[in-house]
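Subject: Handover of a structure

Dear colleague,

Please find below the structure that I am handing over to you.

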Amino acid sequence: MKFPLLLALLPMLAPAADWPHFLGPDRNAVSGETGLVRSFPEEGPPILWEKELEVGFGGCAVVGDEVFIIDRVRSESDLLLCLDAATGKEKWRFENPAEGEPPFPGSRSVPTVEEDAVYFVNAFGRVFRIDRKSHKAVWDVKLDERYDGATPKWGWAQPALVVGDVLIVTPFGEKIGTVGLDKKTGEEIWKSGPIGDSHSSPTVLEFGGEKQVVIISVTDKDGKGGLVTSYRPTDGTVLWQTDLYYNKIPIPIATKVGKDRLFVTGGYDCGSKMLKVENSGDEYKLTELWSADKGSQVHPAFEIDEHLYFLANENSNHKVKSRRQTGGLSCWTLDGKELWNTGDEPFMGRGGMVHADGMLIIQDGENGVLRLVDPSPKGFSMLAEANVFGSDLRKRFDLKYWSPPALSDGRLYMRGQDRLLCIDLRKK
């Protein structure tokens, strides 16, 4: 009787290795993986393979033995590439003619991968469902054509968000802001009223025991009008909406803190706020708990052991040496007190992070240096660092290595504009 019981328990004991969409399994860049290295040899961690790409920002999704990444041949085509996770060799691709060229050329989004399909959104708001067997488009929808959408400043960067049978995307039109589509057919299930526009992505959070889709947007860049909106994913009902936070170009997703708090952050000198989300019956009430002048321009914050961590780097402090001293990795209490920041040593630019195995795994946004950090309110504690892209560290520059990293089965996937590295972080 013991042997069948052990077999029944194995699936529950096995760690989840897939990174199936933007920011990983729970859409918060947190991984449950363990058994990762906490130091590097002198020559750096093993690089299992390297893949040449076109210039771009699109990050990876990883499911099983396949890696999916969006690429773009400038002014020619958008590409969805499927790579072998063990070797980096291309298994297949889907290609669609380019529809122009956005500012900051290149790919934007992260694919969303399910058992039978891959969804992706190109920079001009065309949404695709690609069959994983035939490698062909089952359907596609152009958001600005169907919904009179308005292209965000640097093009659409939001990944397709799947909740159950509903695929949620953002036209940002004057009359329709967010829509829920049937993921198998592309037909409309629901649509919302206008919310302005955004470079922030809708994400799934839970408040009051209810799964919600939350997105940060801007309604008036000059008049400082902004919204944070929550939808019921099945029918698009607005569960709550607040104008307590404003950012003229929202980019990071919102971070849930504890059971009833929401941390919203961004760059462009618009700072951050901690909001409280209270549920009373069928109604929600949001209040501001505190605000801060600092924010993270591109990537979201992490709550770790009742403290917040984020890269406090943005346009206004990355070029000026004296202002760089105010940035870097920053640690905060949950009541709004900054405990420490790394300033310019190291600054780390507008790179992405993953929280796994008790560490922050950080890709330097300026030069691609990989760092392992032990998050502690006592101070900055770097475990290891390696110049995995071979950048010239004597120069002060920003290579715009801003893509979100992905972690799957102990392998870290880092994009550096025109290169994808697969780095082995597994203990031997």
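A residue is called buried when its relative accessible area is under 20%, exposed when over 50%, and partly exposed in between (1.4 Å probe, protein chains only). Helices (H or I, at least four residues) and strands (E, at least two) are DSSP runs, numbered from the N terminus. The model is predicted, with local features requiring pLDDT of at least 70 and side-chain atom pairs pLDDT 80 or more, while totals for chains, interfaces and linings use all residues. Residues are numbered from 1 along each chain as its sequence is written, and side-chain values use heavy atoms, with hydrogens and water left out.

I begin with strand E27 (residues 353–356). Met 353 and His 355 point one way from E27, Val 354 and Ala 356 point the other way, and all are buried. In a regular strand, side chains alternate between the two faces of the sheet.

E27 belongs to an open sheet of five strands with mixed pairing, in the order E1-E27-E28-E29-E30. The edge strands, each pairing on one side only, are E1 (30–31) and E30 (382–386). Two strands pair if DSSP finds at least two bridges between them. E1 and E27 are parallel, with two bridges, and Ser 31 stands opposite Ala 356. E27 and E28 (residues 359–363) run antiparallel and are joined by four bridges; here Met 353 is opposite Ile 362. These two strands form a hairpin with two residues between them, and Asp 357 in the turn has a positive phi of about 50°.

A nonpolar core is a set of buried Ala, Val, Leu, Ile, Met, Phe, Trp, Tyr and Cys residues joined through side-chain atoms within 4.5 Å. The largest one has 36 residues, of which Ile 361, Leu 370, Leu 407, Tyr 413 and Leu 425 touch the most other members. Strand E33 (residues 419–424) gives this core its largest share, four residues. A second, separate core of 27 residues includes Tyr 119 and Phe 172.

Finally, the pockets. On a 1 Å grid over the protein atoms alone, a pocket is an open set of points where a 1.4 Å probe fits, with protein on both sides within 12 Å along at least five of seven lines; lining residues have an atom within 4 Å of a point. The largest pocket is lined by 31 residues, with Phe 57, Ala 157, Ile 251, Val 298 and Trp 402 nearest its centre.

With kind regards
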